[in-house]
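Keep the picture open while you read.

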Amino acid sequence: MAKLYFKYGAMGSSKTAQALITKYNYEENDMKVWLIKPSADTRDGAAILRSRIGLEATVEVIPPEVDIHARFLGSRVRRCDVIIVDECQFLTEAQIDQLRAIVDEQSIPVLCFGLRTDFLTRLFPGSRRLMELADVIEEIKTMCDCGAKATVNARISDGYIVTEGAQVVLGGNDSYIAMCHRCYVNGIREHKKIKLHGQN
């Protein structure tokens, strides 16, 4: 029986790498994959999905106004065996409902990879809807610099944790770091200088 999966993790937990490895595993077994991402994710170019470790693939970009269910039914991808979604937190709630409909009506598994919460520890709309609708919810774990499990995606500007601003500001290791909640709160309270990974 097909299922809707939500595989979430903090920044740097190799979500995109896992999505691309999953795609490879399906294709190695002669199965067809529809790989998609929301148009809000423009970091690697419009039609490229790239992980930090160098894996990449061509991806179909889905703007917020697109009905994913209708696009699936009206195109050649209807013959796919699985749908893999990266950066699913940027999908609209309606688009998550549309993915749910594909699972239920077409018996096609849908695997969604993305963030659960933003830099203020608030759920993204797409992630909230997945928490409500997914058959399987799995955490992809990563660690804080202190060694504890990271759960917060801290946005950093000029070395300090940002506590206000737009929910969506694209970036990677240049502007975000995964932290445990204790380090995140202490960093704000003590106005600590935070060193981003890969910076001297």
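## D86, tucked into a strand

Find D86 in strand β6. This is a predicted model, so everything here is computed from predicted atoms. Is D86 buried or exposed? Its relative accessibility is 1%, and buried means under 20%, so D86 counts as buried.

Who are its partners? Skipping neighbours within four places in sequence, D86 is in contact with K15, T16, A19, I36, K37, P38, L49 and F113. R76 sits 10 residues from D86 along the chain, and the C-alpha atoms of the two are separated by 20 Å.

## Rings that pair up

How many aromatic pairs does the structure hold? There are three. Let's zoom in on one of them, F90 with F124: the ring centres are 5.8 Å apart and the planes stand at 90°, so this pair is edge-to-face. For that label, the planes have to be over 60 degrees apart.

The two partners come from distant parts of the chain, 34 residues apart. F90 is in the loop between β6 (82-86) and α3, while F124 is in the loop between β7 (110-114) and α4. Both F90 and F124 are buried.

There's another ring to look at, this time with a charge: the charged end of R155 sits over the ring of F119, 3.6 Å from its centre.

## T117 and its loop

T117 also belongs to the loop between β7 and α4. With a relative accessible area of 8%, T117 is buried. Apart from neighbours within four places in sequence, T117 is in contact with R122, L123, F124, T151 and N153.

## Two helices side by side

Now look at helix α3 (residues 93-106) and helix α4 (residues 125-133), which pack at an angle of about 35° with their axes 8 Å apart. Their crossing is right-handed.

Which residues make the contact? From α3 come E93, I96, D97 and R100, and from α4 come P125, G126, R128, R129, L130 and L133. Sorted by class, that gives four nonpolar, one polar and five charged residues.

## R71, partly in view

Last stop: R71, in helix α2 (residues 68-73). Its relative accessible area is 29%, so R71 is partly exposed. Leaving out neighbours within four places in sequence, R71 is in contact with W34, E60, V61, I62, V66 and V77.

Definitions and conventions:
Residues numbered from 1 in each chain as written. Predicted model: local features only at pLDDT ≥ 70, side-chain atom pairs only at ≥ 80, totals over all residues. Heavy atoms only, no water. Axes fitted to C-alpha atoms, helices over the stretch in contact; angles between N-to-C directions. Helix = DSSP H or I, 4+ residues; strand = E, 2+ residues; numbered from the N terminus. Left-handed = near helix turned anticlockwise from the far one by under 90°. Contact = heavy atoms within 4.5 Å. Nonpolar A, V, L, I, M, F, W, Y, C, P; charged D, E, K, R; others polar. Phe/Tyr/Trp six-rings, centres within 6.5 Å; stacked < 30°, edge-to-face > 60°. Buried < 20%, exposed > 50% of the residue type's maximum accessible area, 1.4 Å probe, protein only. Lys NZ or Arg CZ within 6 Å of the ring centre and 35° of its normal.
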